[in-house]
Amino acid sequence: MMVPKKKRSIDSSKILSFCFKNSLVLLCLFATACASEEKVKYEQYVISGAEIYKKNCSNCHGLDGSGLRNLYPPIKGSTYLQDKNKLVCIIKNGLEGPINVAGKTYNQKMPAAKGLYDLDIAQLITFLNDKWGSSKKIVEVGDVAGVGCE
Ligand code: HEC
C-alpha cells in the first residue's frame, strides 16, 4: 500500500504552539540561569565575607562570634545585625561608649576597620547576616556606599 505523500502546507497553529512552547522553555531556562547566578554570587559574598571577618573582626569578637568575656560583645544574635546602616557605620568608624548587647553592658573602644572597601563591607555584612542574623540576602556595594555616617 502506498503511503500518501504529506501535503506540504503550513499549519500555522502548529507553528504557533511550537513557538510558544519553546519560548517558554527558553524563558524558564533564562530564569533559572539568573536565579542560580544570584545564588552563586550570594555564596561568593558569604565566603569572601567570612575571610574578611576572620582577618578583621575575629580577634576581638571570636571566630564563633561569641565575643570575649566582658571586653568584646558577641555578634552572634546581636540586635545590631538588624540595622544595616548602623552596622556599616560601626565598621567604618568604630564604636565607643557604653552599649548593651544581649543583656550585658560593654564599654570599650572598637577601632574603625580601616582599609576595607565598600565591597568588602558588603561581603562582610552578607556573611554576618548569613551566619548570625536572619537575612539571607546579598548586601550590595550600593547598599553600603549609600549610607551616610556622621
Ligand atoms: C580591637 C577589637 C575589635 C575589633 C577588631 C572589632 N571590634 Fe567590634 N566591637 C569591639 C568593642 C570593644 C565593641 C563595643 C564598643 C563599645 O563598648 O561601645 C564592639 C562592638 C561591635 C558591634 C556592636 C555590638 C555588637 O556586638 O553587636 C558590632 C556589630 C561590631 N563590633 C562588629 C565588628 C566587626 C564586623 C568587626 C570587623 C570589621 C569588628 N567589630 C572588629 C571590639 C572590636
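**Reading a predicted chain, residue by residue**

Modeller: Alanine 102 counts as partly exposed because 13 C-beta neighbours lie inside 10 Å of it. The general idea is a count: a residue is buried if 20 or more other C-beta atoms lie within 10 Å of its own, exposed if 12 or fewer, and partly exposed in between, with C-beta atoms placed from the backbone.

Colleague: What kind of model is this?

Modeller: This is a predicted model, in which local features need pLDDT of at least 70 and side-chain atom pairs count only at pLDDT 80 or more, while totals for chains, interfaces and linings use all residues. Residues are numbered from 1 along each chain as its sequence is written.

Colleague: Where is alanine 102 found?

Modeller: Alanine 102 is in the loop between β1 and β2 (104-106). Helices (H or I, at least four residues) and strands (E, at least two) are DSSP runs, numbered from the N terminus.

Colleague: How many helices and strands does the chain have?

Modeller: There are five helices and two strands. Along the sequence they come in the pattern α-α-α-β-β-α-α.

Colleague: What is phi in alanine 102?

Modeller: Most residues other than glycine have a negative phi. In alanine 102 phi is near 50°, which is positive in a residue other than glycine. Arginine 69 has a positive phi too, near 40°, and is not a glycine either.

Colleague: Where is the place of arginine 69, and is arginine 69 exposed or buried?

Modeller: Arginine 69 sits in the loop between α2 and α3. Its count is 8 C-beta neighbours inside 10 Å, so arginine 69 is exposed.

Colleague: What does the radius of gyration say about the chain?

Modeller: The radius of gyration is taken over C-alpha atoms, and the globule rule is 2.2 Å times the number of residues to the power 0.38. A compact globule of 150 residues would come out near 15 Å, but this chain has 26 Å. The C-alpha trace spans about 95 × 30 × 25 Å along its principal axes. Of the 150 residues, 19% count as buried.

Colleague: What share of the contacts in the chain joins residues 24 or more positions apart?

Modeller: Two residues are in contact if their C-beta atoms, placed from the backbone, lie within 7 Å. Among contacts with a separation of 6 or more, 55% are between residues 24 or more positions apart.

Colleague: Which residues have the most contacts inside the largest nonpolar core?

Modeller: A nonpolar core is a set of buried Ala, Val, Leu, Ile, Met, Phe, Trp, Tyr and Cys residues joined through C-beta atoms within 7 Å. The largest one here has 18 residues, and Ile121, Leu124, Ile125 and Leu128 have the most contacts inside it. At least two residues of this core come from each of α1 (12-56), α3 and α4 (118-132). Helix α4 supplies the largest share, six residues. Leucine 124 touches Gly49, Ile52, Tyr53 and Ile91, leaving out residues up to four places away in sequence.

Colleague: Which residues come nearest to the ligand?

Modeller: A residue is near a molecule if its C-beta atom, placed from the backbone, lies within 6 Å of it. There are 26 residues around the ligand, and Cys57, Cys60, Pro73, Ser78 and Met110 come nearest. The elements giving two or more residues to this shell are α2 (58-61), α3 (84-93) and β1 (99-101).

Colleague: How do the residues of the shell divide?

Modeller: Ala, Val, Leu, Ile, Met, Phe, Trp, Tyr, Cys and Pro count as nonpolar, Asp, Glu, Lys and Arg as charged, and the others, Gly among them, as polar. The shell has 18 nonpolar residues, seven polar and one charged.

Colleague: What does the UniProt annotation cover?

Modeller: The UniProt record, an unreviewed entry, annotates residues 44-132 as "domain: Cytochrome c". UniProt positions are given in the numbering used here, feature names are shortened, and annotations may be inferred rather than shown by experiment. Over residues 44-132 the chain is 47% helix and 7% strand, with the end C-alpha atoms 17 Å apart.

Colleague: How far apart in space are asparagine 59 and tyrosine 72?

Modeller: Sequence separation and distance in space are read separately. Asparagine 59 and tyrosine 72 are 13 residues apart in sequence and 9.7 Å apart in space, C-alpha to C-alpha. Asparagine 59 lies in helix α2 and is exposed because 11 other C-beta atoms lie within 10 Å. Lysine 41, in helix α1, and valine 139 are 98 residues apart along the chain, with their C-alpha atoms separated by 11 Å.
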